[in-house]
Amino acid sequence: MTALISDPAAPSLRPRRALRTAGAAPLGMLLRSRLVGALASPHGVDSYLERFNPMWAAHDVRARIVSIRRETDGEAPVATLTLQPTATWRGHRAGQHVLVGVELPGSAKRHTRAFSISSAASGPGEPITLTVRAHDEGQVSSYLVRHAAAGEIVHLSQAQGEFTLIESPATPTISRLVFITGGSGITPAMSMVRTLLRDGYHRDGVAHAGRKVTFLHFARSPEDQIFADELAAIAEADNGIDVHLRYGDQLFSEFELRRLVPDYQDTDTWLCGPPGLVELVKAAYDGSTRLQMEFFKPAVARAARPGEEIEGDVSFTRAGRTVAASGASLLEQAEELGLKPEFGCRMGICFSCTRTKTAGTVRNILTGEESALPDEEVRICVTAAAGDCHIDL
Amino acid sequence: MTALIDETTTDPGVDEKYHGLTHEEIDRLGAELDALRLRIIADLGEPDAAYLRKVVKAQRSFEIAGRALFYLPVIGWVPAVAALSVSKILDNMEIGHNVMHGQYDWMGDPTFNSRMFDWDTMAPAENWKYGHNYMHHTYTNVVGKDRDVGYGILRMDPEQKWNPYYLGNPLWAFLLMTFFEWGVAVHDLEAEEVIAGRRPLFGGENAPVWRRIRKKMGKQILKDYVLFPALTGPLFLSTLAGNAVANLVRNIWTFNIIFCGHFPAGVATFTLEETENETRGQWYLRQMLGSANITGSTLMHVMSGNLSHQIEHHLFPDIPARRYPEMAVEVQEICERYGLPYNKGPLHKQLFSVFRKIVRLSFPGGTTKAAPVRGPQAVTEDSLAA
């Protein structure tokens, strides 16, 4: 905890709150008024404000990168980005994530990915931090960690997700909490722990969570450990939080958890990590409603190579129907199931049939180009599944 | 067009041909255009995004300048109208029309997404996209199917049966030009279907269309004819008049550009029967024979949203329009090799040609001769002779 307070790169959250709301509210109310909306129709007031300053917004949320600090090095380095959002940011509850949109250099395409917020719960317009691991296949995470620079503007959503501390930390209870995390799954739990310490009570200048907290984390190696210094400080201080770090081959065991928290199945627990860890912990909790978890995106089957038989299922998620990928267009496959999606030209020119592919790999029938980007808009009349894929239809 | 079909059906030697080309030639033509399309799509990137953002920035600046200059009594009025006219033309053509075609969807920017964008004109985006992107671009120049052939109120093709109403053709065209944005908005109510008794004007399937039109018109009227004039206080009437003139300038310009796209002499029209089971190559061929370009300066191309490259736009409606000039060089070369007409001319020439057609077709009869397709055979013979 002390590490957070003394860390110059970490945002100081409290003093700004009063200032920002006092200064921004009347102007914000005017900019969001119906009058201004009518004057700026149909493009919206933000498209004019942005012209003057990218940090001026009435509805959109953007953020300026204040600083980027390396947490770990190695093959998949981790960095913490401090972001100053526009005044439109409504704040977040500990454990929530945010969609971050960046235009990758060279391609001019905006890519949007979800990242957990690692800083303590924020109020409107307050700065936040994201702690991001650069994956080889993750273009956005890789860009943010390796190439992004302070001063750049990124696009944000409002905070989302229900993986949050159920009770408000501002109304302390004494019930015990357990966090079990693996790898970069530590970020939402870190936000919760930081919030507990910030909003708990202080004794002799030391923040106390005000309750007993068990934090069990699994990392590949000590070198890969995110927040190592801060975790060490938290572990050392008399703050109600026990930190247990496990490395490498030390897998999760029910036996160990029972030793740490004898009645763990009746204790509020937050779990976030890779699929292997999630499976083990889920089994240990045996259906207990006290366990809350957040998954990483499920791995999607590899796309078929040209000429290779296509293997995979097309799921039309809204209709709740699934069919084996046949190589026919997604529109035809939907129609075979009796679904009636909107369409127009059926040749890829009118965009009437555009839908969102939420996950999976598809092939453009006209260009042969394959794409595995999540949340991508596709024209279903000229797009076929190239493996498992999910269509919002 | 009619002459061409008669020829193909009476002459046994060219029975296998479609608009002057053999099916094999049409397939090859389609493959060449597909290859060009793929090459440009693969090349889309930073410069295209930067260009769009630059145009949007310019448009917003003209708009802000225009709105602000109305506060300057008397001397500010003409520059204000000019700036606002330019703003509306850029908004509707190089930005709105092209963005709503999905030309910039690949950027992944919601601001420039065809499903989110709306433009500064009466026609609501959703209605227009159906009538334009789907009906007009899929069934281009198919008489009876492409509702942009005469817009349901003009006689622009001899195939449209004459009646005395069409004596007013020039007058109707003039009125359509003057009130173009209103005309485009109500176009989607498909008046000819209503007159034929197949649907009620404001009810049935027209109900959601009409609801969107009312809502959008309300917003446009509120902005241009109530709020901005009111904000200039005592200059209310002067601002209101200025906004009306800016809208009129945009109406006249867009009408003229659009009418030069499909109605100059030499452009072919098609029947529904001949487009049944059309191949991709045939679709390409129809787009080429059914469109005409306007030659001119870079400024003219930008202000027309590059619709001055109507042929390229119809071949590649979802490719950013700023690429049409470079693609035109190759399309023209392909046309030459296949002995296809490539209809182009300066604005005044194309306009005069359209005007003549409007007047001629206000009277019964009339023929429009599609420019002849000579075919690659003829091209080869030419080159041998040379």
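In strand 10 of chain A, A:Val213, A:Phe215, A:His217 and A:Ala219 point one way, A:Thr214, A:Leu216 and A:Phe218 point the other way, and all are buried (under 20% relative accessible area with a 1.4 Å probe, protein chains only). Strands here are DSSP E runs of at least two residues, and helices are H or I runs of at least four, numbered from the N terminus. This is a predicted model, where local features need pLDDT of at least 70, side-chain atom pairs count only at pLDDT 80 or more, and totals for chains, interfaces and linings use all residues. Residues are numbered from 1 along each chain as its sequence is written, chains are lettered from A and ligands numbered from 1 in the order written, and side-chain values use heavy atoms, leaving out hydrogens and water.

Now look at the neighbours. Strand 10 pairs in parallel with strand 7 (residues 177–182) of chain A over six bridges; pairing takes at least two DSSP bridges. A:Phe179 sits opposite A:Phe215. Strand 11 (residues 241–247) of chain A also runs parallel to strand 10, joined by seven bridges, with A:Leu245 as the bridge partner of A:His217.

Next, the interface. Contact (heavy atoms within 4.5 Å) takes in 31 residues from chain A and 43 residues from chain B. Across it there are four salt bridges, meaning a Lys or Arg side-chain nitrogen within 4 Å of an Asp or Glu carboxyl oxygen. One of them links A:Glu103 to B:Arg53, with the closest N and O atoms 3.7 Å apart. Helix 4 (46–52) of chain A gives the most to the side of chain A that touches chain B, with four residues.

Conventions. Buried means under 20% relative accessible area, exposed over 50%, partly exposed in between (1.4 Å probe, protein chains only).
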